[in-house]
Amino acid sequence: MARKQSDYLAALLDNDQGDTEGAPSPAPQPRARPTTLLSRESALARIQSGEVRQVTQLWLDPARVRVWPGNARFYAQLTEENCRELIESIIAEGGQKVPAVVRRISGDPDHDYEVVAGTRRHWSISWLRAHSYPHLQFLAQVAQLDDEAAFRLADLENRVRKDVSDLERARNYAVALRSYYGGHVTRMADRLNISKGWLSKTLKVATIPDAVLAAFGSAHDLTMKPAYTLAQALGAEPAAKAITAAARQIAREQAARHAAGQPALPAPAVLRRLLAASAPDDADAEAGSFVVTSRLGRTALSIQSANRQGVTIRLHAGSGADEEELVAGFRQLLARLDPSGRRMLR
């Protein structure tokens, strides 16, 4: 058992797992012996070198285990809904089968360990203990790791997790760059065995402010490619101000839709409006940025033109919007004309 645990941890920490030509790819699955993912001799050598000094497996009280802040996942955003599949799996199997990776801590009277890899498992076991399964415990492999090694281990595991958003990973990388690599992008790319170009783009995405991100229904809605385009647009100060103002308006609309039980505006529509807001301040560009979508995510109303002679509002066929939505959308468009100085009443 101990040998397998050591091999697992050493394999996760091995520098040869990654895609040097672009975004990191999932770690390869172990092959049949004698060519394993990492040979026993290599694994033991890494353990003896001090990078992975100890591996044990324990059943722990999750209340005594905190989450390492260096992990990419936003623990506060985990819910019963987005952990439902894992929760049902733990119930069906009578407990947690895949161990998390933790390390022992000191100086914290409330916790004995912290999670390096396995945040969702920790949250799910904690939730189950509070909901009719008080006997369940948190299965974890305890390893001695420094912060940089812990970061690489958590990063390698998170690369194959679809529920870790590109934004979470980008912000995690930005913190790691300052904390573990002295701000040197090349050094960090070498240690993670990823391309410097991809890492630079990821770090650029991390600069998108919360005020702009609030326009999107969820951090998971904004994937790497459109996020990088948005981050580039925010690089110019005049455009950044316009995008931020548009984001605040969209965030208010998202909140109103949520309160009414309607789905959030889709990310592509939000992105188009934000980028349109950064366009030159002419009537056509301004008009094109003013749109209202239906509960089906289709454009229902838009401002076709807005000038000194008046405002032309276009009603889009096939949007699926009912009369109540159209009236509410018309009021939204009128409200948007006020900040632009194109009020209907003078």
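I began with the buried residues of helix α11, and in this predicted model I found them to be A239, A240, I243, T244, A246, A247, I250, E253, Q254 and R257. I then looked up the extent of α11, which covers residues 237-259, and noted that its 23 residues reach 33 Å from the first C-alpha to the last, close to the 33 Å expected at 1.5 Å a residue. Just after α11, I noted that G261 takes a positive phi of about 75°.

Next I turned to a helix pair. I looked up helix α6 (residues 166-180) against helix α8 (residues 196-205), and found that they pack at an angle of about 100° with their axes 8 Å apart. From α6, the residues making the contact are L167, R169, A170, Y173, A174 and L177, while α8 contributes W198, L199, T202, L203 and V205.

Last, I looked at strand β3 (residues 100-104), where four of the five residues are buried, so the strand is largely enclosed by the rest of the structure. I followed its pairing to strand β5 (residues 138-143), which runs parallel to β3 and is joined to it by three bridges, and I noted A140 of β5 as the bridge partner of A100. With strand β4 (residues 113-117), β3 pairs in the antiparallel sense over four bridges, and here I noted that V101 has A117 of β4 as its bridge partner.

Methods:
Residues numbered from 1 in each chain as written. Predicted model: local features only at pLDDT ≥ 70, side-chain atom pairs only at ≥ 80, totals over all residues. Heavy atoms only, no water. Helix = DSSP H or I, 4+ residues; strand = E, 2+ residues; numbered from the N terminus. Expected span 1.5 Å × (residues − 1). Buried < 20%, exposed > 50% of the residue type's maximum accessible area, 1.4 Å probe, protein only. Axes fitted to C-alpha atoms, helices over the stretch in contact; angles between N-to-C directions. Contact = heavy atoms within 4.5 Å. Pairing = 2+ DSSP bridges.
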